[in-house]
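Please look at the structure below before reading on.

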Amino acid sequence: MEYALQLINVTKQYKDFKLDNINIKLPQGCIMGFVGENGAGKSTTIKLILDLINRDRGQITVLGKDNKIDFNSIKENIGVVMDESSFPDNLNAKEINKFMKRIYKTWDEDKFFKLLKQFSIAEDKSIKDYSRGMKMKFSIAVSLSHDSKILIMDEATSGLDPIVREEILDIFLEFIQDESNSIFISSHIISDLEKICDYITFIHRGKVVFSEPKDELLEKYGILKCSEKELEKIEVSAVKGIRKNKFGVEALVFKNKIKGSYVIDKANIEDIMLFHVKEQVL
Ligand SMILES: Nc1ncnc2c1ncn2[C@@H]1O[C@H](COP(=O)(O)OP(=O)(O)OP(=O)(O)O)[C@@H](O)[C@H]1O
């Protein structure tokens with residue numbers, strides 16, 4: 001299988017934080033959502049992928065090229081959206097367009113202005129006068145206006161209202177229609193990721209908890225609501241995590257390991273994440 005992005009045993013140590021032995025494989029043509037709590041290590045991972053900071057150990061390939069040795073040869077093919085605008089904010093869209101023409105051989109100004117129009121972004125307004133949402137939309141328009149084969153995005157939809165987010169998710173899905181294109185996106189808006197992603201990678205305190213196809217996660221797990229007494233009758237290995245409430249317990253369970261006539265509700269990605277790291281089985 002061809003991987004658009006691969007991290008092998010990637011480690012980065014800061015004074016108070018360690019990104020510990022990260023392994024991620026994003027198959028070409030797919031969207032991977034990268035989720036985790038504040039401070040889990042998402043931005044650090046993305047900066048390592050983009051070679052903005054040095055890793056201590058491990059290997060990273062983007063579009064099959066080592067990100068330290070061959071990065072220049074694939075820069076045109078990587079669209080980047082970070083959570084803060086990296087454009088000189090005294091410039092407007094027309095001026096940035098001129099600038100981008102010089103940076104990217106494959107810059108497509110027609111597409112750029114079309115996207116700005118679609119996003120209702122004025123061409124003559126300085127970036128410093130944009131709202132946060134407008135800045136994000138502007139960055140997304142830039143990332144889609146050169147020959148990007150992979151989009152790498154850190155919180156690209158944060159600060160955007162649901163209507164614009166929906167519009168942007170559609171644009172991501174359109175981008176992925178070309179099967180050679182891929183997306184790696186971090187977000188705290190798990191419901192957005194659940195709509196569009198093929199894979200979900202969950203990072204917690206610097207370690208990958210799971211990195212799996214979304215459909216397999218949704219198929220594998222379910223939520224069982226029962227009393228504590230009933231839970232005791234269930235095989236320990238069938239239970240991934242529990243949450244107590246005043247009516248009894250809720251447990252994230254492996255559906256295929258539950259025998260008997262229990263009612264098992266669907267688990268969403270947010271449930272699956274929370275149960276993996278919340279209370280442990282007693
Ligand atoms: N340059 C740095 N020096 C020291 N520690 C750092 C540095 N950059 C990040 N860290 C630490 O690394 C940890 C992970 O930060 P990171 O920004 O990767 O988290 P995150 O998952 O992106 O969080 P958020 O969702 O809040 O954006 C934090 O504890 C942060 O303080």
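Domain bounds here come from an automatic or database domain assignment. The model is predicted: local features need pLDDT of at least 70, side-chain atom pairs count only at pLDDT 80 or more, and totals for chains, interfaces and linings use all residues. Residues are numbered from 1 along each chain as its sequence is written.

**Domains and their contact**

- The assignment divides the protein chain into domain 1 (3-205) and domain 2 (217-277).
- The centres of domain 1 and domain 2, taken over C-alpha atoms, are 35 Å apart.
- Seven residues from domain 1 and seven residues from domain 2 take part in the contact, where two residues are in contact if their C-beta atoms, placed from the backbone, lie within 7 Å.
- On the side of domain 1 that touches domain 2, α7 (190-196) and β9 (199-204) each supply at least two residues; helices (H or I, at least four residues) and strands (E, at least two) are DSSP runs, numbered from the N terminus.
- That side of domain 1 comprises five nonpolar residues, one polar and one charged; Ala, Val, Leu, Ile, Met, Phe, Trp, Tyr, Cys and Pro count as nonpolar, Asp, Glu, Lys and Arg as charged, and the others, Gly among them, as polar.

- Strand β10 (residues 207-213) runs antiparallel to β9, and six bridges join them; two strands pair if DSSP finds at least two bridges between them.
- Ile203 stands opposite Val208 in β10.
- Two residues lie between β9 and β10 in this hairpin, and Arg205 in the turn has a positive phi of about 50 degrees.
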